[in-house]
Amino acid sequence: MRGFTTSIVHSDRLDPIEHGSLHKPIHATVAYGYDDVRDLADVFQGKSSGYSYARQVNPTVSALEAKMSRMERGIATVCFSTGMAAIGTMLFALLREGDHFVSSSFLFGNTNSLFLSFAAHGVDVTFVDAARTSAVEDALRLNTKLVFVETIANPRTQVSDLDGIGAVCRERGLVYVVDNTMTSPYLFQPVTVGASLIVNSLTKYIGGHGNALGGAITETGLHDWTAFANIYDAYKKGDARKWAITQMRKKGLRDFGATLGAEAAHHLSLGAETLALRQERQCANAQALVDLLAAHPKVRRVYYPGLADHPQHAKTMALFRHPGALFSFELVDGIDAFAFLNRLQVVIKSSNLGDNRTLAIPVAETIYHEMGPQRRASMGIADSLIRISTGIEDVEDLLGDFEQALA
Ligand SMILES: *Cc1c(COP(=O)(O)O)cnc(C)c1O
């Protein structure tokens, strides 16, 4: 087994590519022709792994899926058009009316919105403080099928009790889904805490350049799907560890069509090659800015799992390579947050995260606006909270920019 970056950079060459091309080509095709129709039938019946129709499979996307499986040390991956499409299609393929699942309440805002939509369609969800395994245990019911957590929550940086929840899920035979977007497989591999399925929004750190959307679900092979009630007979064939991921591809992508395009897959694959390099720099930049802000008289509080007074600091240092490249903070009373943000010259006011550029956003007025003050309060989001996602700029330029904007 090669190192993390070596295995990604050389992944495409493991299957011979025509003319010795160093990159998997962008296969701009919708369908695939066969000389012998028997071969086409075998593909449809799952007897061979060829290509049939591009809503479910495309060679450029398959190459990215192989990279994701390598990075996450999983056994199979399915890619989707966005991270939201990955989460939505996964749950739609696995859950049915009358089922229940438990979710962290410290959740990416759009995932929160999606889960409320599932609740409106008869799949019940209970939101709990996932920093405490006992809160997850207390929420379990007879019809609970699955537990969903994120690694580091955005924007307040709460860290789930990832290993404790993993142990409970294993004991109770529950599907354990970990959204690894905020850490990425470079900082953390959820297979090490017993995750069944891993979510990644490829749009963020893995793509990294803010130029393509994508999402992925990776199967770790740890869950016993033979005991899971919602697998259709058609997918109960061959290796049981792949039943659920096959159902997500065959039924999920067929039903919803939230397919990743070949060109986006190419962009995301290029991004994946430098994930480790970029994240080293992004995390170092975050730590330097956090150190500046935490000691600054005009800053009331900084939320970052790398700070010794963060409630899950010890867990963070035990589980993750670095504490991430995202933090949030509140200015002291009397300072206009919008005026402060408008004074920033290097940092861009923008909603994305995981980009090469450092991005800042006032949370309550933008991404969490529609959620309303009550749910915001329950998620610990103050009206004055500012979120920062650090990029790869030279650290002196970032420190100088914050210093002048605070002065
Ligand atoms: C951004 C994000 C998503 C959704 O990804 P998109 O590609 O934007 O749809 C899901 N989970 C987390 C933790 C995210 O940060």
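**Note on the predicted model: loops, ligand site and helix packing**

1. Arg-73 lies in the loop that joins helix H3 (59–72) to strand E1 (76–80). Although Arg-73 is not a glycine, its phi is positive, at about 55°.

2. The peptide bond from Asn-154 to Pro-155 is cis, and its omega is near 10°. Pro-155 sits in the loop between strand E4 (144–150) and helix H7 (162–172).

3. Both ends of helix H2 (residues 37–44) can be described. At its start, a side-chain oxygen of Asp-36 comes to within 2.8 Å of the backbone nitrogen of Arg-38. After H2 comes Gly-46, with a positive phi near 75°.

4. Next, the ligand. The residues surrounding the ligand include Thr-82, Gly-83, Met-84, Ile-87 and Phe-108.

5. A polar backbone atom of Gly-83 is 2.8 Å from an oxygen atom of the ligand. For a polar backbone atom of Met-84, the distance to a ligand oxygen is 2.9 Å.

6. Helix H4 (residues 83–94) packs against helix H9 (residues 243–256) at an angle of about 110°, and their axes are 9 Å apart. Angles of 65 to 115 degrees count as roughly perpendicular, so H4 and H9 are roughly perpendicular to each other. On the H4 side the contact is made by Thr-89, Met-90, Phe-92, Ala-93 and Leu-94. H9 contributes Ala-244, Gln-247, Met-248, Gly-252, Leu-253, Asp-255 and Phe-256. By class, this contact has 8 nonpolar, 3 polar and 1 charged residues.

7. H4 also packs against helix H5 (residues 109–120): the two axes come within 11 Å and cross at roughly 25°. An angle under 35 degrees counts as roughly parallel, which means that H4 is roughly parallel to H5. The crossing of H4 and H5 is right-handed. Met-84, Ile-87, Gly-88, Leu-91 and Phe-92 of H4 make the contact with Asn-110, Thr-111, Leu-114, Phe-115 and Phe-118 of H5. These residues divide into 7 nonpolar, 3 polar and no charged.

8. H11 passes H15 in a right-handed crossing. In H11, the residues Asn-285, Ala-288, Leu-289, Leu-292 and Leu-293 meet Val-395, Leu-398, Leu-399, Phe-402, Glu-403 and Leu-406 of H15. The contact divides into 9 nonpolar, 1 polar and 1 charged residues.

9. On the spacing of such contact residues, a general point applies. An α-helix has 3.6 residues a turn, so residues three or four places apart point the same way.

Definitions and conventions
Residues numbered from 1 in each chain as written. Predicted model: local features only at pLDDT ≥ 70, side-chain atom pairs only at ≥ 80, totals over all residues. Heavy atoms only, no water. Left-handed = near helix turned anticlockwise from the far one by under 90°. Helix = DSSP H or I, 4+ residues; strand = E, 2+ residues; numbered from the N terminus. Contact = heavy atoms within 4.5 Å. Nonpolar A, V, L, I, M, F, W, Y, C, P; charged D, E, K, R; others polar. Near = heavy atom within 4 Å. Polar contact = N/O pair within 3.5 Å; in protein donor to acceptor, adjacent residues only side chain to side chain. Axes fitted to C-alpha atoms, helices over the stretch in contact; angles between N-to-C directions. Parallel < 35°, antiparallel > 145°, perpendicular 65-115°, else oblique.
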